[in-house]
Amino acid sequence: MFNIKINRHHSENCGAVASSCDAPIFVALTVKIKHHLKEEYLNSIRELMPKIKSFEGCCSIYFCEHQEGLGEFEFFSKWKSREHYDKYVKWRSDENIVEDFEKKYFESEPVWRFLNLKSDI
């Protein structure tokens, strides 16, 4: 089981307290799925994607499969702020979605990467 603890800012001198940083944030999440549950997982994700996209602060989300087809998938999302993303993670954690998905579908622990926009050109 993994423990989600998010408390990062877009820069060292952000000045925000805890998760109140209001700079846009990009999140990349990599998951490896148990091969025999791939289609069931994809169906579950198809149901969840509209809920993620409609969550307050979510600007966009993309779900991609690695071209090698080894059961690895990536979520790429943009959020209005870290606070918005933290609220989303708390909502999913409170509903046990993350824990349920990990137990049922994940072959290994997911990998989160948090990215700051440096240029949009």
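Guide: A nonpolar core is a set of buried Ala, Val, Leu, Ile, Met, Phe, Trp, Tyr and Cys residues joined through side-chain atoms within 4.5 Å. The structure above is a predicted model, and its largest nonpolar core has 25 residues.

Visitor: Which residues have the most contacts inside this core, and which elements give two or more residues to it?

Guide: Val31, Tyr41, Phe75 and Trp79 have the most contacts inside the core. The elements that give two or more residues to it are β1 (25-32), α1 (38-53), β2 (58-65), β3, α2 and α3 (97-105). Helix α1 supplies the largest share, six residues.

Visitor: What does Phe75 touch, leaving aside residues up to four places away in sequence?

Guide: With those neighbours not counted, Phe75 touches Val27, Ala28, Leu29, Val31, Tyr41, Ile45, Met49, Ile61, Tyr62 and Phe63.

Visitor: Why is Ser81 called buried?

Guide: The limit for a buried residue is under 20% relative accessible area. Ser81 has 4% relative accessibility, and therefore counts as buried. Ser81 is found in the loop between β3 (72-79) and α2 (82-94). Its C-alpha atom is 7.0 Å from that of Gly57, although Ser81 and Gly57 are 24 residues apart in sequence.

Visitor: Is His84 buried or exposed, and how do you know?

Guide: His84 has 19% relative accessibility; the limit is under 20%, so His84 counts as buried. His84 lies in helix α2 and touches Phe55, Glu56, Gly57 and Trp79, not counting residues up to four places away in sequence. Other buried residues in α2 include Arg82, Tyr85, Asp86, Tyr88, Val89 and Arg92. The cover over the buried residues of α2 includes β1, α1, β3, α3 and β4.

Visitor: How do you know that the span of α2 agrees with its number of residues?

Guide: The expected span is 1.5 Å times one less than the number of residues. For the 13 residues of α2 this comes to 18 Å, and its end C-alpha atoms are 18 Å apart, so the two values agree. After α2 comes Asn96, which has a positive phi, near 65°.

Visitor: Why is the pair Glu72 and Lys32 called a salt bridge?

Guide: The rule asks for a side-chain nitrogen of Lys or Arg within 4 Å of a carboxyl oxygen of Asp or Glu. For Glu72 and Lys32 the N to O distance is 3.8 Å, so the pair qualifies. Glu72 lies in strand β3 and Lys32 in strand β1, so the bridge ties together parts that are 40 residues apart in sequence. By this rule the count comes to eight salt bridges.

Visitor: What makes Glu74 and Arg113 one of these pairs, and which of the two residues is buried?

Guide: The closest N and O atoms of Glu74 and Arg113 are 3.5 Å apart, so they meet the 4 Å limit. The pair ties strand β3 to strand β4 (residues 111-115), parts that are 39 residues apart in sequence. Glu74, at 10% relative accessible area, is buried, whereas Arg113, at 38%, is partly exposed.

Visitor: Where do Glu99 and Lys103 lie?

Guide: Glu99 and Lys103 both lie in helix α3, four residues apart, about one turn of the helix. Their side chains meet in a salt bridge at 3.1 Å, N to O.

Methods. Residues numbered from 1 in each chain as written. Predicted model: local features only at pLDDT ≥ 70, side-chain atom pairs only at ≥ 80, totals over all residues. Heavy atoms only, no water. Buried < 20%, exposed > 50% of the residue type's maximum accessible area, 1.4 Å probe, protein only. Contact = heavy atoms within 4.5 Å.
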